[in-house]
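Subject: Handing over the structure

Hello,

Here is the structure I promised to pass on. Please open it first, then read the notes below.

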Amino acid sequence: MRYVRARVTLLVDSEIERRVARIELPWSQVGVDPYGVEKTAVARMMTALKLLYRHYFRVKVSGVEHVPARGRAMLIGNHSGGVAIDAGMVMASCFFELEPPRLAQGMAEKFIENVPFASTWAARCGQFTGLPEHAVRLLNDGRLLMVFPEGARGTAKLFTQRDSLVDFGTGFMRLALQTGTPIIPFGVVGAGEALPTVYNSYSLGKAFGVPYVPFTPWLLPVPVPVQMGVHFGEPMVFEGTGREDDEVVRGHVDRVKERIAALIAWGHTQQ
Amino acid sequence: MKVLIPGISTPIARMFAARLAARGDQVVGIDRRGWPDAPANVEVHAVDVRKRAAEDVFRKSRPDVVVHMATVSHFAEATEERYRINLGGTQTVFEHCATYGVGHVVFVGRHTFYGAGPESPLYHVEDEPPLALASFPELADLVAADLHASNALWRAPQMTTTVLRFCYSLGSTGHGTLAGFVRGRRVPTVMGFDPLFQFLHEEDFVSALELAVDKRPRGVFNVAGPPPVPLSIVIRETGRTRVPLPEPVLAAMLGRFGLPRIARGAIEHLKFPVIVDASAFRAATGFAHRIDELTAMHAFRAAFPLGD
């Protein structure tokens, strides 16, 4: 413990350092969990997110009591706002509002693995490539998984489409059925207003090794300080093995999608 | 029990031989490098495992168990000779085992079998194929040797075959791929990447081998101990200096300016982790590591200080 404390730098808020120590993960002597999540990196990330979460976006959270204090669960929600600010705010809400704090572990886009610095940052903060093997292993270890079934198509929504939902993949539902994991739906509001995308350049994205580059009315993908909301719904439990026919799984996915749409609509009434 | 160890001259094989001899097993070794100061109760034959003289050792000693450790990494030998040693040697050892009625053969392989790549799962299990050979062709001979050994499970069902895919070792002998990589004062890394490394202290490595011999698990098993550690922490805790370089610069500087010599393909292993799930081996043998990752790194640091 003394060893890990010595490594935490001035970049870390002391309150956050104490909260990170209370995350129930099997930290090793060098402050790393078996997946490579590093205490120091999480503390640094949460210190940065705290500014955005508490002061810049003044995030309003509801229903966080639906997220279990421990044990496996999947947070399933909507994307918008060009650069996945919403994922950061969901992670911050689980870290700052839950007792004990929990680390929501996202399933990142595969391209991130090849991007220097981003790949290391993502791994140290518990955000892994969206491979089924990773998801199953994390869930079997009782982790809190965060999945955006719209993927990059979700963050690529233009301002006028910000509260719509594009097609959901079905992989998350098969994983939930296979591992017997409850789904906690959530709706994020405000991300599309914070970073209103008016155009996505896919050719520029290809040049940078990312899916696309979003442009705002002020060109750069820099968010403005609008209030955001993260609203969690009651857990949804589905029975099955994960080997069901597509129509059956699609039916379950549609129910989750409807619940998320309702949470987004409700969230707007609370802003 | 009589145990024959091809490749007995490596530091870890010597530790293993000494451990077996100390508990009363009969130990016979084959290694062309010899072992001049071997313990009195360890019989060493300074012959090449691929030559006829080695076959004589099999025929005369009639071992109960063969633990095949006569493989080399890409650091040690050039490509053609490495193929002859790793694949040709493994083929010969398994042929002799079948011919001379060896009951149990243990192949000591490496976890790098699975390869490193951006789309690989973090934890590898035994039934996965080697996926990243294209980016690291220097591993092909070891992968081929591993697959040849694994084939013995159905090719020679009369023998019990145990294929072990060990993670790196680290400790006071300074032997092994990871130890060789962090041996110098400055350790190069690929800027922007910090992969996890999984290693086992040499004493635990030997304990795992001992359990494999005693429990005779049949099949292919990953072997690992403490949880993995980011390369940056390995470098720091072994007292070395990290030198992050952009990938093209690193590729050009390898083997120069005091930096270690590694194959081009190994750069992928400095970007992406190769981590194994060793739960099957633990379940089959009851193996549990005794020495944690910090102690292993500090043991290496103490054995190879840089005068800091």
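How many salt bridges are there between chain B and chain A? The count is 2. A salt bridge here is a side-chain nitrogen of Lys or Arg within 4 Å of a carboxyl oxygen of Asp or Glu.

Some ground rules. This is a predicted model, where local features need pLDDT of at least 70 and side-chain atom pairs count only at pLDDT 80 or more, while totals for chains, interfaces and linings use all residues. Residues are numbered from 1 along each chain as its sequence is written, chains are lettered from A and ligands numbered from 1 in the order in which they are written, and side-chain values use heavy atoms, with hydrogens and water left out.

The interface

One salt bridge joins the side chains of A:Arg137 and B:Asp277, at 2.9 Å from N to O. From chain B, strand E13 (229-230), helix H7 (231-237) and helix H10 (293-303) each give at least two residues to the side that touches chain A. Helices (H or I, at least four residues) and strands (E, at least two) are DSSP runs, numbered from the N terminus. That side of chain B has 17 nonpolar, 2 polar and 7 charged residues. Ala, Val, Leu, Ile, Met, Phe, Trp, Tyr, Cys and Pro count as nonpolar, Asp, Glu, Lys and Arg as charged, and the others, Gly among them, as polar.

The contact (heavy atoms within 4.5 Å) takes 26 residues from chain B and 25 residues from chain A. The two chains bury about 2100 Å² between them, 57% of it on carbon and sulfur atoms. Buried area is the accessible area (1.4 Å probe) that two parts lose on being put together, summed over both.

Inside chain A

Helix H6 (residues 132-140) and helix H8 (residues 171-179) of chain A pack at an angle of about 40°, with axes 11 Å apart. Axes are lines fitted to C-alpha atoms, for helices over the stretch in contact, and angles run from 0 to 180 degrees between N-to-C directions. H6(A) brings A:Pro132, A:Ala135, A:Val136, A:Leu139 and A:Asn140 to the contact, and H8(A) brings A:Leu175, A:Gln178 and A:Thr179. By class, these residues are 5 nonpolar, 3 polar and no charged.

Over all chains, the whole structure has 30 salt bridges. One of them pairs A:Glu97 with A:Arg54, at 3.7 Å from N to O. This pair links distant parts of the chain: A:Glu97 is in helix H4, A:Arg54 is in helix H3, and they are 43 residues apart.

Two backbone details are worth a look. A:Glu99 and A:Pro100 are joined by a cis peptide bond, with omega about -5°. A:Pro100 sits in the loop between helix H4 (85-97) and strand E3 (104-108) of chain A. A:Arg58 is not a glycine, yet has a positive phi of about 40°. A:Arg58 lies in the loop between helix H3 (39-56) and strand E1 (60-62) of chain A.

Inside chain B

B:Glu55 is in helix H2 (residues 52-61) of chain B. Leaving out residues up to four places away in sequence, B:Glu55 touches B:His96 and B:Tyr100.

Best wishes
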